[in-house]
Amino acid sequence: MALFNIKVNGTLHKVDAEPDTPLLWILRDNLDLTGTKFGCGVAQCGACTVHIEGNAVRACTLPVSIIGDKEVTTIEGLSKNGDHPVQKAWIEHDVPQCGYCQAGQIMSAASLLSQNPDPTDAEIRRAMNGNICRCGTYIRINRAIKTAAKEM
C-alpha cells in the first residue's frame with residue numbers, strides 16, 4: 001500500500017491504496033463518489049469516464065499512481081446543482097433511459113464542448129464514439145450536445 005494525495009472535485013484527499021488500483025475504485029470505494037459507473041472494466045464502454053485536467057479519460061483502467069497532482073473531476077463535481085449546460089440539455093432532450101451510461105456520456109460531452117464549443121455532427125460522433133449506450137439514445141445525445149453547445 002502507498003499513500004496518494006489526489007484532488008477530486010476541488011478537494012484534496014489522502015488515499016491509502018495499491019499503486020495499480022484503478023481510479024474508478026478509489027472514487028467509488030474510498031471517496032464514496034458513486035456517480036462514475038463500472039461498465040466493461042477495459043476502457044471500452046465509457047461508463048467510467050471522468051475528467052483529468054478537463055480531458056475525458058476512462059477511470060476503470062487508470063492506475064491511481066499516475067494521477068499525481070492533476071485535478072480529477074467526476075459527474076458529482078461537474079456542477080454544484082446539476083446545472084452544467086450539458087446536464088440541462090440532457091434533461092431538456094429527455095436523454096436518459098436506464099441512465100447507467102449517462103454520467104460517462106455527460107463527462108465526454110462536457111470535455112468535447114470545453115475544447116470545441118461548436119462541434120459538427122462528425123466531431124460529436126468521433127468524440128462520443130467510445131461511450132456505449134445500451135438503450136440506443138444516441139440521437140437524443142447528439143441533439144443535447146448541440147443544445148448545450150449553444151449555451152456554452
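I52 stands opposite V72 in strand β5, where a strand is a DSSP run of E with at least two residues, numbered from the N terminus. This is a predicted model, in which local features need pLDDT of at least 70 and side-chain atom pairs count only at pLDDT 80 or more, while totals for chains, interfaces and linings use all residues. Residues are numbered from 1 along each chain as its sequence is written, and side-chain values use heavy atoms, with hydrogens and water left out.

I52 belongs to strand β3, residues 49-52. Strands β3 and β5 (residues 71-73) are antiparallel and share 2 bridges; two strands pair if DSSP finds at least two bridges between them. β3 also runs antiparallel to β4 (residues 55-58), with 4 bridges joining them. In this second pairing, V50 has V57 as its bridge partner. The hairpin of β3 and β4 has 2 residues between the strands, and E53 there takes a positive phi near 55 degrees.

In a regular strand the side chains alternate between the two faces of the sheet. In β3, T49 and H51 lie on one side, V50 and I52 on the other, and all are buried. Buried means under 20% relative accessible area with a 1.4 Å probe, protein chains only.

Helix α4 covers residues 102-115; helices are DSSP runs of H or I with at least four residues. From first C-alpha to last, α4 reaches 20 Å, close to the 20 Å expected at 1.5 Å a residue, a span taken as 1.5 Å times one less than the number of residues. Of its 14 residues, 12 are buried, among them Q102, M107 and L113.

Notes. Buried < 20%, exposed > 50% of the residue type's maximum accessible area, 1.4 Å probe, protein only.
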